[in-house]
Amino acid sequence: AANAMSVREFLAIADRLPQNATAALRPDGRRLINEVSTSVHAVRNEQAADVRAGRRPAYCIPPAGSGITPEGLLARFGAMPNGRRDIPVRQAIREWMIERWPCSA
């Protein structure tokens with residue numbers, strides 16, 4: 001989407017939030033949580049669509065969960081080279097799931 005949040009924007013907002021449980025109660029904290037939830041949901045839908053169409057998905061996220069934690073997400077995004085931080089959060093999560101949950105042959 002044209003208004004998709006970039007990794008750069010995500011990190012800028014995250015940097016302004018307290019690093020404790022109260023962050024989730026703040027409007028910006030909810031915004032980040034919603035962005036990640038929406039992105040993970042979309043990536044899971046892409047996987048399901050590939051399976052329904054008989055295509056091998058690019059990743060195979062298990063039904064039990066993506067394994068994304070707030071700390072892991074911030075570490076992953078923070079480790080991205082500056083030149084790649086303008087990609088949408090959804091694309092960054094997609095790339096992470098390709099690495100984290102490759103489909104077995």
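This is a predicted model: local features need pLDDT of at least 70, side-chain atom pairs count only at pLDDT 80 or more; totals for chains, interfaces and linings use all residues.
## The largest pocket

Start with the empty space. Rolling a probe the size of a water molecule over the atoms shows where such space is left. Here, the largest pocket has a volume of about 490 Å³. Its lining is made up of 21 residues. Nearest the centre of the largest pocket lie F10, L32, I33, P70 and L74.

Which helices supply at least two residues each to this lining? They are α1 (7-16), α2 (27-52) and α3 (70-78). The largest share comes from α2, with six residues. Sorted by class, the lining has 15 nonpolar residues, five polar ones and one charged one.

## Where α3 meets α4

Next comes a helix pair. Two packed helices are described by the angle between their axes and the distance between the axes. For α3 and helix α4 (residues 89-100), the angle is about 100°. Their axes are 12 Å apart. That angle makes α3 roughly perpendicular to α4, because values from 65 to 115 degrees count as roughly perpendicular.

Which residues meet in this packing? From α3 come G72, L73, R76 and F77. From α4 come V89, A92, I93, E95, W96 and E99. By class, the contact of α3 with α4 has six nonpolar residues, one polar residue and three charged residues.

S6 sits in the segment before α1. Is S6 buried or exposed? The relative accessible area of S6 is 15%. The cut-off for buried is under 20%, so S6 counts as buried.

What does S6 touch, leaving aside its neighbours within four places in sequence? S6 is in contact with R85, D86, I87, P88 and V89. One of these, V89, is also among the α4 residues that meet α3.

## Y59, in a loop

Y59 belongs to the loop between α2 and α3. Its relative accessibility is 3%, so Y59 is buried.

How far is Y59 from P27? Their C-alpha atoms are separated by 32 Å. Along the chain, Y59 and P27 are 32 residues apart.

## D50 and P27, both in α2

D50 lies in helix α2. P27 is found in helix α2 too. Take D50 to begin with. Its relative accessible area is 19%. Buried means under 20%, so D50 falls in that class. Leaving aside neighbours within four places in sequence, D50 is in contact with R55, R56, P57 and A58.

Now take P27. Is P27 buried or exposed? The relative accessible area of P27 is 70%. Exposed means over 50%, so P27 is exposed. P27 and A75 are 48 residues apart in sequence. In space, C-alpha to C-alpha, P27 and A75 are 22 Å apart.

Note on methods
Residues are numbered from 1 along each chain as its sequence is written. Side-chain values use heavy atoms; hydrogens and water are left out. On a 1 Å grid over the protein atoms alone, a cavity is a set of points where a 1.4 Å probe fits but cannot get out, and a pocket is an open set with protein on both sides within 12 Å along at least five of seven lines; lining residues have an atom within 4 Å of a point. Grid points are joined across faces, edges and corners, and a volume is the space filled by probe spheres set on the points. Helices (H or I, at least four residues) and strands (E, at least two) are DSSP runs, numbered from the N terminus. Ala, Val, Leu, Ile, Met, Phe, Trp, Tyr, Cys and Pro count as nonpolar, Asp, Glu, Lys and Arg as charged, and the others, Gly among them, as polar. Axes are lines fitted to C-alpha atoms, for helices over the stretch in contact, and angles run from 0 to 180 degrees between N-to-C directions. Angles under 35 degrees count as roughly parallel, over 145 as roughly antiparallel, 65 to 115 as roughly perpendicular and the rest as oblique. Contact means heavy atoms within 4.5 Å. Buried means under 20% relative accessible area, exposed over 50%, partly exposed in between (1.4 Å probe, protein chains only).
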